[in-house]
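Here is a short walk through a protein model. Keep the structure open as you read.

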Amino acid sequence: MTELLRAIYLVSFTLGLWTSLTLVASKSGEKRINYCTALFVFLLACSPLNAYIQSIAGNTVAWLNSLTQSLTWIYGPLIVILLRFARLQPVTPAQYMLHSLPFLLVNLERNLHFIEDRNAYILLTYLLFLQVLIYCGYAAYDLLRFQKRYQTLFTGHKGCAYYWLLYLVGGLTALTLIDIVIVSRYILGLIPGAAVIGLIASSAGIYICTIALFILYQPEAFKLRSPEETLPGDHDTTPRSIELSHEAAAELDAKLKKLIATHKPHMDETISLAKLASLLGVTRNQLSELLNVHNQSSFYDYMNNLRYLESISLLRQEDSNFTMYDIAYRSGFNNRNTFYRVFKEKTGQTPAQFKRGLLLKDDAVKLRKLG
C-alpha cells in the first residue's frame, strides 16, 4: 500500500510539473491565464511532492511543508481572479499583489516563526476561516451579479478556454472546503494521517492538471453544438410612424457610434434594444427607426455586425494566440454557431480560413521585403 501511495504522489507531482511547464511554454491561448494557472498548478504539485518526501525520508523539508500548509490562503483569491478572467476583466499587478499578500505573509511567518504562542496560531486559523468566508461570499455575489454572462459562457461556448475556467473554479471551491474540514479537525485534535492528506492532494492535483490541459488544448469531444440564440423582441420591423428627421437621425447615429466606441454594448450579454435606447437617452421606437429605416438593419443584425468587426480585429492581431472558440466568446457572440454563421455570411469563409489567408498575405509581404 505504501508503494502504491508513493507512486500516486510521484505521478501527481510529475503531471503537475509537466503541466506547469507546458502552460508557460505554450504559444496558444491567453498568456495571463496560462501563467496564472501554471503557477497555481505548480503550487498544488508541491503537496504530493511533500507527501512523497515524507514517505521516503520520514520527515519533510521545512519550507515545502509550510508552503503546502498555507495553500488554503491562496484558493479564495484565485477563485476571484479566475472569475474575472472568465468575464474578460483585467487584473492589475496591484490587485495580484493585494490578493496574494495574506498567502505571502503566512508563508513568511511559517518560515521565520514570528508567532510562538499556540493561542496566536488559533487566532490565525480563525482569520483563515474569515478570509475563506469573505472570498467565497464575494465569489457567490459575483456569480449572481454576472449570472447572464456565466450562463452564456457555459451554454454557448462549451470547450473554449474561458469555459474551462469555471470548472477550475469548481475544483478550487471543493479544495477550499476540504482544507477547511482538515484544519477544523486539527483544531479539535483529530489529526488526519499524512497518507490521507497526500492522497487528497494528489487527487486534487490530477483534477486541476486535467482542467488546465483542457484550457490549453480544448478537446473536440467537449465542444458540443449549441442552438442558435436570438434576442426576443429585438427583430423590429419598420416602426409604425417616422419620428426622426434626417438631421436628427444623423445626430443620433453619431451618438450611437460614440457609445459603441466607448462602452462596446455588443459585449454586454444582457443588451437589448430597450437597454441600448436607454443608454442613448432615446425611446425604443426612435432607436428602432434609426436602425431599420436609416441604417437598413435590425437590432440583432447590427449587434452581430459589431461582434463580427470585433472578431476581425482579434484575428488581425499578429501576436494573437486565441483559438476560434475563444475569439467567438471574446467578440461577444451568444454562441459560436452564430459566430461561424455571421462570419461565413460576411466573408464567404470560415474564421480559420480567413486567418490562414491573413498569414499567407503576411508571409508574402515578408518575402517581398527580403527580395
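Which helices each supply at least two residues of the lining of the second largest pocket? They are α2, α4 and α5 (93-112). Helix α5 gives the largest share, six residues. In this predicted model, the second largest pocket has a volume of about 350 Å³. Its lining counts 15 residues, and Leu39, Leu43, Ile74, Tyr96 and Ser100 are the closest to its centre. By class, 12 lining residues are nonpolar, three are polar and none is charged.

Now turn to the largest pocket. It holds about 1,000 Å³ of space. Its lining has 33 residues, with Gln69, Arg110, Ile182, Val183 and Tyr186 nearest the centre. At least two lining residues come from each of α2 (31-57), α3 (62-69), α4, α6 (118-145), α8 and α9. The lining splits into 20 nonpolar, 10 polar and three charged residues.

Next, look at α8 and α9 as a pair. Helix α8 spans residues 161-187, and helix α9 spans residues 194-217. Their axes lie 9 Å apart, at an angle of about 170°. The two helices are therefore roughly antiparallel. Among the contact residues are Trp164, Leu168 and Ile182 of α8, and Ile200, Tyr207 and Phe214 of α9. By class, this contact has 17 nonpolar residues, one polar and no charged ones.

How far can the model be read? The chain averages a pLDDT of 86, and 89% of the residues score at least 70. Over residues 227-233 the pLDDT falls below 50. Where pLDDT is low, predicted coordinates should not be read in detail.

Conventions: Residues numbered from 1 in each chain as written. Predicted model: local features only at pLDDT ≥ 70, side-chain atom pairs only at ≥ 80, totals over all residues. Heavy atoms only, no water. Axes fitted to C-alpha atoms, helices over the stretch in contact; angles between N-to-C directions. Helix = DSSP H or I, 4+ residues; strand = E, 2+ residues; numbered from the N terminus. Parallel < 35°, antiparallel > 145°, perpendicular 65-115°, else oblique. Contact = heavy atoms within 4.5 Å. Nonpolar A, V, L, I, M, F, W, Y, C, P; charged D, E, K, R; others polar. pLDDT = per-residue confidence, 0-100. 1 Å grid on protein atoms, 1.4 Å probe; cavity = no way out; pocket = protein on both sides within 12 Å on 5 of 7 lines; lining within 4 Å. Points joined across faces, edges and corners; volume = space filled by probe spheres on them.
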